[in-house]
Each structure stands twice: as C-alpha cells, then as structure tokens.
Amino acid sequence: MKFNFDRDAMIKEVSIAQEIITNKSPISILSNILLIAQDNTLTIKASDTSVNYMTQIPVDVIEEGSTTIFCDKFMSILTASPSGEIEFDQSDIKVTIKPAAKKIKFQLKSIASEKFADIPTAVDVPFFEVPAKEFKQMIQQTIFSVSEDQNRFFMTGVYFTKKDDKFVMVSTDARRLSYSEKELAPGVDFSSAIVPTKILRCILKNASDEGNISLAIVDKLIFVRFGNYEFSSKLIDGQYPNYQKVIPESQVYSFQVNKSDFESALKRIEIMIDKKVGRIVFKIAPGILRLSSPESELGTADEEIPCRYDGEEISIALNDRYVSDPLKTIESENIVFEFTEAMRAVTMRPEPADYYFHIIMPMNLTN
C-alpha cells in the first residue's frame, strides 16, 4: 500500500478521528484509524464502538491497499511535518511516512485492517434533511441539560421526536428541561430516539452553518451526513420520560430583564455563592429584580437591576448553573421568566418568544 497526500488536508480529517477515539493505548485496535487507498481516494474510518466516523479525501494512490495505524502518533507526525506532500508507504506491519520537504522519515507499526471492527454503513437508508444552521441551533439549546447520572442512562442523551410537522429536541436531568423545535419539510417522518451527546458535539464542532445535514434513524442507529463526512452512533436504549407533563400549560406571572444587565449581575453574584449548592435567590418586585447569594461563612452578595414586573413581591431560589447554561445560548436582547409560585416550575425564554425555552425547578429558599 502506497500513496501520496497533502499534509494539511490529512490533518483536518485525522483531527476529527481523534475526537471519536477514546482508547489511547498504542496496542489497541480502537486507538487506530483504518486507511483504505483505492481509485485515488483515501477512506478514513474511526470508531469507539458506539460512535463511528468515515470520510474520504483525494490522494495519489501508487499501490492500493488498507491498514490501520495509531491515530495519536500519526497526528503528531503530521503536525510536526511541514506543509506539502507526504509519502505513505506500508509493507507488512511497518509504515514509512516521508515528508517531501524534509530529509526525515518516520516509521510506525500497523495493525492489519482485518482486525478493525465493522462500521455500520448507511445503505438503502431513508435520510431526511434539515438546515444545518437550524439543527446546530437546536443542539446548542438542549445539549447542556442532559443528565450526567448513569443510573438514569435514558436521560443522558437528547430526545429526538416529531410533533405534528415539527422536529422536536428535548433534554432533561429531572431538575431542568430544555425544549427546541423547528419546522420539518412536508412528508418527513422518523422514529423517536435518544441520541448520545458525543455525536451531537461532533456535529456542532465540524458542520458548517451552510446547506443541509442529512439524518437517518434506523435499527437503533443514527446516521449523520454533511460535507464529505458520515457519522453514526448507537442510540440510547430506554423509555424517555413524558416531558410534556413537565411543561406548564400556563403560568400566572412573568418578569422581563435585559440580558446584558442580568448576565453581568449574575456573574458578580456568582463570586459569593456556595459552589456545592449553587443557590441564587431572585427577589422580584414591581420594577426591580434583586439577586442575592445566601449568606455563608465567606459572606454574601446582592445586586438590583431593573425589570418589567407588576405582580406581588415574591422570592424564588434557582440553581446558578441551571440559569447560566441557557443564558449562554439565548441571543435575544431581553429574557423573560414565567412562573406561578415559588416552588413550581419556572420557564426561561427569549423575548420575543422563539423556537426554544428552558424549564427550571426551583430550590428551597433555605437549607
């Protein structure tokens, strides 16, 4: 097996493979990438047994073949080499890598391609398309609310489902919930699924905002295509909670704050909060929102900012992280919090209302 390739083009593809691979042992096949050189095309595959990656790039194939090499070491060689053409020459279990611009060669041991695990391929699979920018926005609005509790494995992914003619994504850890929806093209249908966050993070990092992303959900797998990439992942098996029961049908009160004012005040209050508890008290009165950290051994902090509110004075305690996570993704100038009483669900959303919102369960005002 022998081929020549462009160093910069290869780095781009192998860096994505590195994101997939979690096993870093040089003697494990799961630490390797599979390379297949054929018809002046190099196919690159990587897998951690649950998430898979495949791409193709043009190369100058001198002798066709396939092998696997240790991904991390190959990447180190590429980044240490100058831009330009590099020769890849494999014989038996030895791979020689020679940058054309330098009088140096590297040698790596390889593992036979036959030992590389089979990666599912999307053959005769019904794909549907979603605008890339919209899909990435939906991921950004939901990925941070998944559970980290492996005992609740069915909540460690983002739930994909269809509601009427809308594509819905939901995440929850039982104390908060994030909801996002977008219109689907007519005729699109798919089975509901719980999608692991790892493949979603790969999409966020590597997909362009331009064009469409192709999705297929079949046989306990999700396939994702964009550009010259194909990702696939096992779905999370389990029954997703009835998220619609968590979403309030109506809420009595609401207050509106300027996002910039609120974000700045929150950062200052966070300096003094108990990081283990994360409690921030919202005291809402007509025209004023007072944020405070409960008193601790270190002290306390409180700050007032203007708000639009004309109800009765009320105090609500919320988890700092559950407020700050969605705050990072909301792009509107103003934010609205909707509520009914101190210990019932609070809705956090942009103003004007958009395709997403976040539900936060309050905390006790005191320990």
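This report covers cysteines, salt bridges and one set of paired strands in a predicted model.

## Basis

The model is predicted: local features need pLDDT of at least 70, side-chain atom pairs count only at pLDDT 80 or more, and totals for chains, interfaces and linings use all residues. Residues are numbered from 1 along each chain as its sequence is written, and side-chain values use heavy atoms, with hydrogens and water left out.

## Cysteines

A disulfide is a covalent bond between the sulfur atoms of two cysteines. The criterion here is a pair of cysteine sulfur atoms within 2.5 Å. By this rule the count is zero disulfides.

Cys-71 is buried, at 1% relative accessibility. Cys-202 is buried too, at 3%.

## Salt bridges across the sequence

Side chains of opposite charge can pair when their charged atoms come close. A salt bridge here is a side-chain nitrogen of Lys or Arg within 4 Å of a carboxyl oxygen of Asp or Glu. The whole structure holds 19 of them.

One of these joins Glu-19 and Lys-205, at 3.6 Å from N to O. Glu-19 sits in helix α1 (residues 7–20) and Lys-205 in helix α4 (residues 197–206), so the bridge ties together parts 186 residues apart in sequence. Helices are DSSP runs of H or I with at least four residues, strands are runs of E with at least two, and both are numbered from the N terminus. Glu-19 is partly exposed at 24% relative accessibility. Lys-205 is exposed at 61%.

Glu-313 and Lys-283 form another bridge, at 3.5 Å from N to O. Glu-313 lies in the loop between β21 (301–306) and β22 (314–319), while Lys-283 lies in strand β19 (residues 279–285), so this pair ties together parts 30 residues apart in sequence. Glu-313 is exposed, at 54% relative accessibility. Lys-283 is partly exposed, at 32%.

Arg-321 and Asp-325 meet in a salt bridge of 3.5 Å, N to O. Both residues lie in helix α6 (residues 320–329), four residues apart, about one turn of the helix. Arg-321 is partly exposed, with a relative accessible area of 38%. Asp-325 is buried, at 13%.

Which residues are linked with this pair in a network of salt bridges? The network consists of Glu-148, Asp-173, Arg-176, Arg-321 and Asp-325.

Strand β24 (residues 346–351) has five of its six residues buried, so it is largely enclosed by the rest of the structure. Two strands count as paired if DSSP finds at least two bridges between them.

Strand β23 (residues 334–339) pairs with β24 in the antiparallel sense, over five bridges. In this pairing Val-336 stands opposite Arg-349 of β24. A hairpin of six residues joins β23 to β24. Strand β25 (residues 356–360) also runs antiparallel to β24, joined by three bridges. Here Thr-347 stands opposite Ile-359 of β25. β24 and β25 form a hairpin with four residues between them.

Technical notes
Buried < 20%, exposed > 50% of the residue type's maximum accessible area, 1.4 Å probe, protein only.
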